[in-house]
Structures are given as C-alpha cells and as structure tokens.
Amino acid sequence: PQAQEQLEMQQAAKQKQLPEHKKDKARPPSPPAIIRNEKETLVFSKIGFLGEGGFARVYEAKDARNVRHAIKVINKNALKTTKNRTKLFAEIKIHKSLHHPNIVTFEECFEDEENVYMVLELCEGGSLVDLIRRRKRLTEPEARVLLIQLIGASEWMHTHQVIHRDLKLGNIFLDDEMNVKVGDFGLAALIENPGDRKKTVCGTPNYIAPEVLFDPGNGHSFEVDIWSIGVILYTLVVGKPPFQNKEIKAIYKRIRDNLYEFPAEINISNDCKSLISAMLTKDPAQRPTLREVLEHPFFTEGLMPASIPPSAHDLVPSWA
Ligand code: ADP
C-alpha cells in the first residue's frame with residue numbers, strides 16, 4: 001500500500017510540472033472514496049490502487065456485501081476526442097460480450113460527472129509481468145498450464161469473432177488460485193463478416209505479428225493472436241521476449257527476419273522449442289491453428305499438473 005501511495009504521489013507530482021494547457025488532457029482520474037452510480041444501486045468503496053494504463057487508473061474496491069472488485073476509471077476529459085470515445089465504446093462493447101472462466105469478467109459500467117467506471121472481476125494474483133519479474137522464468141509444466149487456459153480463452157474469443165490483438169504478459173492476469181484471466185480489450189477487434197480483414201497497425205512491439213507490420217495492405221486476422229501466444233510461451237520459459245531490443249526498429253527488423261535464439265544456458269525441451277517455432281511462423285496462413293497447437297506433443301506428452309500452487313508466485317513448484 002505504501003508503494004502504491006508513492007506511485008500515486010509521483011504521478012501527482014508529474015502533473016504539477018506540466019504546462020497549464022496540457023494538464024487537463026493528461027490528468028489522471030481521481031475518483032471519490034465512494035464510487036456510485038446515479039441511482040445508487042451500485043456503491044463501492046475504494047480500498048487500494050492497482051495500476052494505471054493508457055488513460056485509465058485501476059482501483060480495488062469493495063461493494064456493499066464486502067466483495068472486492070477492480071474498477072477501471074477513465075476521466076471524461078480523456079474522452080473529448082472522437083477517437084478516444086470510439087475506442088472506449090468499442091472496448092466496452094467487446095469486453096461485455098465475452099464470458100469465459102479465463103477472461104476477466106466485465107461486471108458493470110456506469111458514469112458520474114467526472115469519470116466513466118468499468119467494474120471488473122478482481123485479479124488478485126497480478127499480471128504475468130509481475131510473476132516473471134519475481135520468478136525470472138517459469139518451468140515448462142507451469143507454462144503448459146497457463147498456456148492451456150490462455151488458448152481456451154482465445155479459442156472462445158475467436159469463435160465469437162473477437163481478435164484480442166494485444167495478448168502479452170501485461171494483459172494476462174491471475175486470480176487467487178493462479179487461474180489465467182485475459183484482460184484489456186482496448187485493441188480488440190470484432191470481425192463482423194466472416195473473412196473480413198483488419199488493416200489498423202496496432203499491438204505492442206515485442207508481440208506484434210509480422211503481417212501487421214509488413215503486409216498492411218492485405219490486413220490481418222485471428223492468426224495475430226496465435227503469433228502473440230508463441231511470443232508469450234517463449235517469454236515465459238526464457239524470461240525475455242524473443243525479438244527483444246532497445247530499439248523498436250531493431251525489434252521490427254528481427255520480426256521481419258524471424259530472428260530469435262534459444263539461449264544455450266537455459267534448458268528448454270525440443271517439444272517446447274518446436275511449438276514456439278511453429279507459432280512464430282512468419283506466414284499467417286502456415287501458422288498452426290489453436291486446435292493444432294493443443295495437439296502438439298508439448299501438450300500431449302508433457303507433464304500437465306491440474307493447477308499451479310499459489311506458492312509459485314515466488315518459488316519454483318516442488319513437482320517441477
Ligand atoms: P494497460 O496498462 O494495458 O492500459 P489497464 O488500463 O487495463 O491496462 O490496467 C492498468 C493496470 O491495472 C494493469 O497493469 C494492472 O496492474 C491493473 N489491473 C487492470 N485490471 C485489473 C484487474 N481486473 N484486477 C487487478 N488488477 C488489474
């Protein structure tokens with residue numbers, strides 16, 4: 001909690017340094033201690049700060065029954081542009097339509113004078129970024145359990161015509177039982193007509209599929225998520241993303257040239273390597289489907305624990 005406060009104070013200090021005309025636009029939301037909808041049918045009390053993203057801040061809050069939730073708060077000042085408004089409405093519309101045990105539940109949405117509030121299922125275990133920061137890298141059985149759940153969520157999205165387009169460690173959360181919860185649908189796209197292709201270049205440099213960058217005319221589709229899941233598997237077992245570089249341009253060049261290595265000092269099974277390289281196939285038409293990924297020996301022949309013990313937050317599980 002102290003660190004959280006510090007973070008909030010640092011943000012506030014940064015705000016003070018901004019010139020007057022920039023303050024409004026960049027001001028992060030500061031919701032009241034009691035967050036409620038107009039009719040007061042929903043009342044939450046803020047109990048902590050969880051983190052912040054693009055133009056949102058996420059707080060932990062409890063409802064009247066003492067059940068805890070995550071509330072994503074967006075200041076309406078950030079919604080003055082049509083672009084931002086359209087983006088947020090798309091995120092809400094898509095996220096609301098998704099119902100799967102491995103997708104963060106979208107519970108409620110309301111607004112007051114100042115802010116828009118999205119009430120979400122609380123993911124107590126933090127994101128996979130936090131986990132890798134603590135553990136450095138995971139064992140293959142752990143990666144297998146997390147990936148099965150991530151693939152289950154992705155298959156569900158894809159059958160419901162949604163491409164996430166920003167699957168990465170920072171958008172994959174864990175609940176208190178180490179179950180995967182996919183979140184942040186800020187870049188997700190709905191494929192309204194079968195066969196439609198998306199043309200917007202978007203994603204996060206380390207995780208972006210080559211066809212998004214190098215074949216924008218042809219557009220991209222569901223296969224971009226399969227590429228990102230390949231990057232995620234590599235990152236979980238190696239501890240850093242495959243195309244990592246200080247310079248974004250160099251990352252893109254390595255993605256274009258499909259240039260990555262498995263560090264010799266880390267023991268990675270051949271099945272794991274072969275699955276990663278299949279998912280990181282440059283041509284999206286040649287990339288395996290999620291079904292095919294699940295039939296790979298990495299899943300069918302490797303040790304598959306039923307779950308990951310919460311102690312794995314900090315320590316290598318004993319069965320690994
Ligand atoms: P982004 O950083 O991708 O814009 P968000 O704005 O969705 O992501 O979230 C910002 C931060 O808030 C996340 O990095 C995470 O630490 C935290 N967070 C978001 N959603 C949840 C949740 N459902 N449960 C717990 N923490 C969350």
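Reply: Start at Leu-146, which is buried, with 23 other C-beta atoms within 10 Å. Buried means 20 or more other C-beta atoms within 10 Å of a residue's own; exposed means 12 or fewer, partly exposed covers what lies in between, and the C-beta atoms are placed from the backbone. The model is predicted: local features need pLDDT of at least 70, side-chain atom pairs count only at pLDDT 80 or more, and totals for chains, interfaces and linings use all residues. Numbering runs from 1 along each chain as its sequence is written.

Leu-146 sits in helix α5, which spans 140-159. Helices (H or I, at least four residues) and strands (E, at least two) are DSSP runs, numbered from the N terminus. Leaving out residues up to four places away in sequence, Leu-146 touches Val-180 and Leu-236. Contact here means C-beta atoms, placed from the backbone, within 7 Å. Leu-236 is 90 residues from Leu-146 along the chain, yet their C-alpha atoms are separated by 9.6 Å.

Now the core. The largest nonpolar core has 73 residues. Such a core is a set of buried Ala, Val, Leu, Ile, Met, Phe, Trp, Tyr and Cys residues joined through C-beta atoms within 7 Å. Helix α7 (residues 223-238) gives this core its largest share, 11 residues. Among the residues with the most contacts inside the core are Leu-150, Leu-233 and Val-237. Beyond its neighbours within four places in sequence, Val-237 is in contact with Arg-137, Leu-138, Glu-140, Ala-143, Ile-268 and Cys-272. In soluble globular proteins, nonpolar side chains tend to be buried together.

Lys-136 lies between α4 (128-135) and α5. Its phi is near 75°, positive in a residue other than glycine. Lys-136 is exposed, with 10 other C-beta atoms within 10 Å. Pro-241 lies between α7 and α8 (248-256). Pro-241 is partly exposed, with 19 other C-beta atoms within 10 Å. Sequence neighbours up to four places away aside, Pro-241 touches Asn-206, Val-231, Tyr-234 and Thr-235. Lys-168 is 73 residues from Pro-241 along the chain; their C-alpha atoms are separated by 9.9 Å.

Met-178 is another positive-phi residue other than glycine, with phi near 65°. It sits in the loop between β8 (172-174) and β9 (180-182). Met-178 counts as buried, with 20 C-beta neighbours inside 10 Å.

Next, helix α3 (residues 82-96). Its 15 residues reach 21 Å from first C-alpha to last, close to the 21 Å expected at 1.5 Å a residue. The expected span is 1.5 Å times one less than the number of residues. Glu-91, Ile-94 and His-95 are buried in α3. Seen down the axis, the buried residues of α3 fall within an arc of 95°, so they line one face. The arc is that of the directions from the helix axis to the C-beta atoms. The face of α3 turned away from the buried side carries the exposed Thr-82, Thr-86, Phe-89 and Lys-93. Cover for the buried residues of α3 includes β5 (106-111), β7 (162-163) and β10 (189-190).

Last, the ligand. It is surrounded by 20 residues, with Gly-51, Gly-53, Val-58, Ala-70 and Cys-123 the closest.

Methods
Near = placed C-beta within 6 Å. Contact = placed C-beta atoms within 7 Å.
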